[in-house]
Amino acid sequence: MAQGANILVVDDEQVILDLFSRVLGTRGHKITTAKDGYQAIEEVKKGKFDIIFLDIVMPGINGLETYKKIKEVDPNAHTIMMTGYSVAELVEQALLEGVQDCLHKPFDIMEIMKTVEKVLEIKKLEGD
């Protein structure tokens, strides 16, 4: 498994941020967290991320709008949407915009790990 990916996790639920930090951090990845879309955009302006996990439903600015703003800063951002809601229309729009995948809450830890490995493999093939 590839080690040391720089990962941004964006969710308004602290328990989700803690879960990703613990699960991925203990496997050697550097985790940055953001509690909303605005903070996520600022983090992307500060540095490049290998993978961005982005909640679709958040207060203020939703995940799809956040994703569009992130793509303006980093057009090559590899983003995985997350949702605990039935928001098929938003998920479909996000996939059309270029999001790699969408994970549904509650998460399976192995699904998170497989998703990270899959995106890192894609990045490797792309020469990122």
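The questions below ask how the labels used for this predicted model follow from its computed values. Local features need pLDDT of at least 70 and side-chain atom pairs count only at pLDDT 80 or more, whereas totals for chains, interfaces and linings use all residues. Residues are numbered from 1 along each chain as its sequence is written, and side-chain values use heavy atoms, with hydrogens and water left out.

Q: Why is the pair Lys46 and Glu43 called a salt bridge?
A: A salt bridge requires a side-chain nitrogen of Lys or Arg within 4 Å of a carboxyl oxygen of Asp or Glu. The closest N and O atoms of Lys46 and Glu43 are 3.4 Å apart, so the pair meets that limit. A search of the whole structure finds eight salt bridges.

Q: Where do Lys46 and Glu43 lie?
A: Both are in helix 2 (residues 37–46), three residues apart, which is about one turn of the helix. Helices (H or I, at least four residues) and strands (E, at least two) are DSSP runs, numbered from the N terminus.

Q: What makes Lys46 exposed and Glu43 buried?
A: Buried means under 20% relative accessible area, exposed over 50%, and partly exposed in between (1.4 Å probe, protein chains only). Lys46 has 65%, so Lys46 is exposed. Glu43 has 16%, so Glu43 counts as buried.

Q: How do you know that the side chains of Lys48 and Asp74 meet in a salt bridge, and which parts does the pair tie together?
A: The N to O distance is 3.3 Å, so it falls within 4 Å. Lys48 lies in the loop between helix 2 and strand 3 (51–55), and Asp74 in the loop between helix 3 (63–73) and strand 4 (79–83), so the pair ties together parts that are 26 residues apart in sequence. Asp74 is buried at 12%, while Lys48, at 49%, counts as partly exposed.

Q: Why do Asp101 and Lys118 count as partly exposed?
A: Asp101 has a relative accessibility of 23% and Lys118 has 41%, so both values fall between the 20% and 50% limits. These residues form a salt bridge, with the closest N and O atoms 3.2 Å apart. Asp101 is in strand 5 (residues 101–104) and Lys118 in helix 5 (residues 109–126), so the pair ties together parts that are 17 residues apart in sequence.

Q: What makes the link between the side chains of Asp11 and Lys105 a polar contact?
A: A polar contact is a pair of N or O atoms within 3.5 Å; within protein, one must be able to donate a hydrogen and the other to accept it, and residues adjacent in sequence count only if both atoms are side-chain atoms. The Asp11 and Lys105 side chains are joined at 2.7 Å, so the distance is within the limit. Asp11 is found in the loop between strand 1 and helix 1 (14–25), and at 0% relative accessibility Asp11 counts as buried.
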